[in-house]
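Please open the model in your viewer and keep the sequence panel beside it. The tour below moves from one selection to the next and says what is found at each stop.

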Amino acid sequence: MRTEEVLSSTCAKSNDVNAGGRKTEEAITEEAVIVTVAIDDAILFSDEADTSVPSLDSESEGDETEDEWDSDDGEEMEDDDEDAELDEGLAERLRILADARALKNLATAFLHPEKPVSTTDGIAFGRNYFERPSAPERMEDEDADELAEILEDAMKLKKMARAYLHPEDPVVVEDATCCGRNYFGRASAPEVEDVEEANERAHVLADAKALKKSAVDYMHPEIGVKSTDGACFG
């Protein structure tokens, strides 16, 4: 039991006794009484005084114990600080790894759009764009192919009609590998004459035509004379 306060008091005892009208006094004795007040406010009285003197060794041991407690507290605080820094570093590392993983998923989805969308959330759902209530009516594959063919034929007819109505428009070739050959320089084309030969042939034909006309006039004199020159007279 730890003692908070020790009080000592001296009590003098005196007894006045009237014996036969005579007053007698007894010897007065002094005794030491120890009053002890505990932590729980309990008061204890004791006649025996504790005359033990605390040794210096116990005080030094107490000081050493307090120093050890202080050093232990300091080490615990340092350990707590180190643990806090370690936890913060691990949390930062986990966040960095999560960001890198998310960036990898985005890059993969961008470079490979043919891959299906995979989700780990069981309550996630999506709506089909082509089957929504406001979507236009879809055609069957056969109808769509036939419509594409009709549109292609219409475009070809439009192009041919424009080329026929506007021959002055140049020919536009969309195919870079497309090429054409000269009609007059083809392998099956007739032999082309020189300019001199062509002129000579023209003169020969003109002379033959004039001779034919003279022969007709000679053989048929009944045929009237026809003149194409208005200034001619006879």
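Select Asp79 to begin: with a relative accessible area of 39%, this residue is partly exposed, a class that lies between buried (under 20% relative accessible area) and exposed (over 50%), computed with a 1.4 Å probe on protein chains only. Asp79 sits in helix α1, which covers residues 56-111; helices here are DSSP runs of H or I with at least four residues, strands are runs of E with at least two, and both are numbered from the N terminus.

Before going further, note that this is a predicted model, in which local features need pLDDT of at least 70 and side-chain atom pairs count only at pLDDT 80 or more, while totals for chains, interfaces and linings use all residues. Residues are numbered from 1 along each chain as its sequence is written, and side-chain values use heavy atoms, with hydrogens and water left out.

Now extend the selection from Asp79 to Glu75, Glu76, Glu78, Asp80, Asp81, Glu82, Asp83, Glu85, Asp87 and Glu88, which together with Asp79 gather in a surface patch of negative charge. Patch members have over 30% relative accessible area and no salt bridge, like charges being joined within 9 Å and nonpolar side chains (Val, Leu, Ile, Met, Phe, Trp, Tyr) within 5 Å. Asp and Glu count as negative and Lys and Arg as positive, with His and the chain ends not counted, and the place of each charge is taken as CG of Asp, CD of Glu, NZ of Lys or CZ of Arg.

Next, select Glu92 and Arg95, which form a salt bridge whose closest N and O atoms are 2.3 Å apart; the term requires a side-chain nitrogen of Lys or Arg within 4 Å of a carboxyl oxygen of Asp or Glu. Because the two residues are three apart in helix α1, Glu92 and Arg95 are separated by about one helical turn. Glu92 is partly exposed at 36% relative accessible area, and Arg95 is partly exposed at 46%.

Move on to helix α2, residues 141-165, and pick Leu147.

For the last pair, select Arg162 and Asp169, a salt bridge with its closest N and O atoms 3.8 Å apart; Asp169 is partly exposed at 31% relative accessibility. A search of the whole structure finds four salt bridges.

Finally, show the whole protein chain, whose three helices and five strands run β-β-β-β-β-α-α-α from the N terminus on. Buried residues make up 4% of its 234 residues.

How values were computed: Accessible areas come from the Shrake-Rupley method with a 1.4 Å probe; for residues, only the protein chains shown count as cover.
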